[in-house]
Amino acid sequence: MGDAVEDIEIALLLEAIYQRYHYDFRHYAGASMKRRIVQARTQLGFASISAMQDRLLHDPATLPRLLNYLTVQVSEMFRDPSYFRALREKVIPHLQTYPSLKVWVAGCSNGEELYSLSILFREEGLDQRTLFYATDINPDALKAAEAGVYPLSEIRKFTENHQKSGARNSLSDYYTADYGRAVFDKSLRAQVVFSDHSLVTDAVFAEMHLISCRNVLIYFDRPLQDRALGLFRGSLARKGFLGLGSKESLRFSAHADGFSDYVREEKIYQRRDA
Amino acid sequence: MSTAPIEAVAIGASAGAVQALLHILPALPADMIVPILIVVHVPPDRANALVTLFQDRCRLRVKEAEDKEPIANGTVYFAPSDYHLLVEGQRSLALSSDEAVNHSRPAIDVLFETAADAFGPALAAIVMTGANHDGSDGVRAVADAGGTIIVEDPASAQVPTMPAAALAACPTAHIMPLNDILAYLVGLTAR
């Protein structure tokens, strides 16, 4: 039901983006994708989605503008503080036993989660031996993540979240205020590799001890979720950890057997090996 | 009322929601088939306590909506806090972390617009008490898709702002006090 023509236009647009630019949104969850495409059409001033497709095919400069609508940018530092508290209290003690660590923030968007983890690892004394990988498909988001600059208006929320996560320092130790912006200390990204990586089309990464990928899979359809979860399992070291968003679950996945619950209520899983 | 049989009900409520829903949901009969999807504005950092509150008081199954969950008959779904609740084309539920709409996540507009898309004329959307304008764009989408729109009578709503805004957006909506909304929902069972 709904507007059948618009549904056809959306399918064609996603196919055009894939064939022309190799960004594959064809298996993203439909309802949210449709809202974002319609929003892009309105705000970018196109008369129809087909008109937007026409411009996109012939003018590559349109792509980044559209990508900023299609990929999700909204997050906050230490979102769901209980997740970070569980990492601190239950996962970190296990990670302490390794001489070197790799952590993958998959779908890092503007970097809020990356800096949260970097701060947490520093507070727990693991920063010197940890290499972080922060990946996203959106080049603008990766640039923002690399910059680590957030509006000061967000800081109160970030600070509150940080405290609730079991903070050992004040969040203000990690940034300087500058003209309405909070500029996070560059030492927090000294051991971070920023990279373009797609969970839809790219392959297994390195041997990770922790993968944090929250509120990314929620945008995928079931088969695509399974692909990403398979990728995560293949990218984890033995007994490695996977953290998902609070409303995401392995329950219905083909890979459910590949993981065991580690902190069930926080959606923290551990790779299971036979 | 629209002549198409109603296959889903979507409800949006904000300030005063709990009291209004307590008037409605516990009174619904156990044999009600039509699923009910509800967005209530709750603070993002608080677990949504509505499911617990209504579970024991209702004859219908009450649960928090899960991502990719098929919509089951005779079930009341609440949006979780800090996520939008959407309906997919195949009539399953979806959650999203998209930015707040009308300063709200979950937002009533998001539920109404996607439910209108999925159910078309088979959707009844109900706007209840609230102190903001969320749901106004949503009722327009429901109207465009040929669905039924009911607005709690601003004269008797605990907080009239939201129903009044919905009425302004959709002047042809049916205006009902809570008792009539309840009777309407019970009537869906009889058909």
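Predicted model: local features only at pLDDT ≥ 70, side-chain atom pairs only at ≥ 80, totals over all residues.

Where in chain B does D82(B) lie? It lies in the loop between β4 (75-78) and β5 of chain B.

Now the backbone of D82(B). Phi is near 75° there, which is a positive value, and the residue is not a glycine. For background, most residues other than glycine have a negative phi, and most peptide bonds are trans. Is D82(B) buried or exposed? It counts as buried, because it has 22 C-beta neighbours inside 10 Å, and the cut-off for buried is 20 or more.

H103(B) also has a positive phi, about 65°, and it is not a glycine either. This one sits in the loop between β6 and α3 of chain B. H103(B) has 10 C-beta neighbours inside 10 Å, so it counts as exposed. The loop between β6 and α3 of chain B also holds P106(B). The peptide bond between R105(B) and P106(B) is cis, with omega at about 5°.

Let me step back to the whole of chain B. It has six helices and nine strands. Of the 191 residues in chain B, 54% are buried. If we take the contacts in chain B with a separation of 6 or more, 72% of them come from residues 24 or more positions apart.

Next, the sheet. Seven strands of chain B form an open sheet with parallel pairing, in the order β3-β4-β2-β1-β7-β8-β9. In general, strands of a sheet pair through backbone hydrogen bonds, either parallel or antiparallel. Which strands of chain B stand at the edges? They are β3 (61-64) and β9 (174-176); each has a single partner strand, so one side of each is left without a neighbour in the sheet. From one strand to the next, the twist averages 20°.

Take one pair as an example. Strand β2 (residues 36-40) of chain B runs parallel to β4(B), and three bridges join them. Within that pair, I36(B) stands opposite V76(B). Helix α3(B) packs on the sheet and touches β1 (8-13), β2 and β7 (123-127) of chain B. The direction of α3(B) makes about 165° with that of β1(B).

Now the contact between chains. On the chain B side, 21 residues are in contact with 15 residues of chain A. At least two residues each come from β5 (84-87), β6 (93-96) and α3 (108-119) of chain B. Helix α3(B) gives the most to this side, with five residues. By class, the chain B side divides into 10 nonpolar, five polar and six charged residues.

Last, chain A. Its domain assignment gives domain 1 (4-70) and domain 2 (81-271). The centres of these domains of chain A are 29 Å apart, taken over C-alpha atoms. How many residues of domain 1 of chain A are in contact with domain 2 of chain A? There are 10, and they meet 11 residues of domain 2. Helix α4 (residues 62-70) of chain A gives the most to the domain 1 side, with three residues.

That is where I will stop.

How values were computed
Residues numbered from 1 in each chain as written. Chains lettered and ligands numbered in written order. Helix = DSSP H or I, 4+ residues; strand = E, 2+ residues; numbered from the N terminus. Buried ≥ 20, exposed ≤ 12 C-beta atoms within 10 Å, placed from the backbone. Contact = placed C-beta atoms within 7 Å. Nonpolar A, V, L, I, M, F, W, Y, C, P; charged D, E, K, R; others polar. Domains from an automatic or database assignment. Pairing = 2+ DSSP bridges. Axes fitted to C-alpha atoms, helices over the stretch in contact; angles between N-to-C directions.
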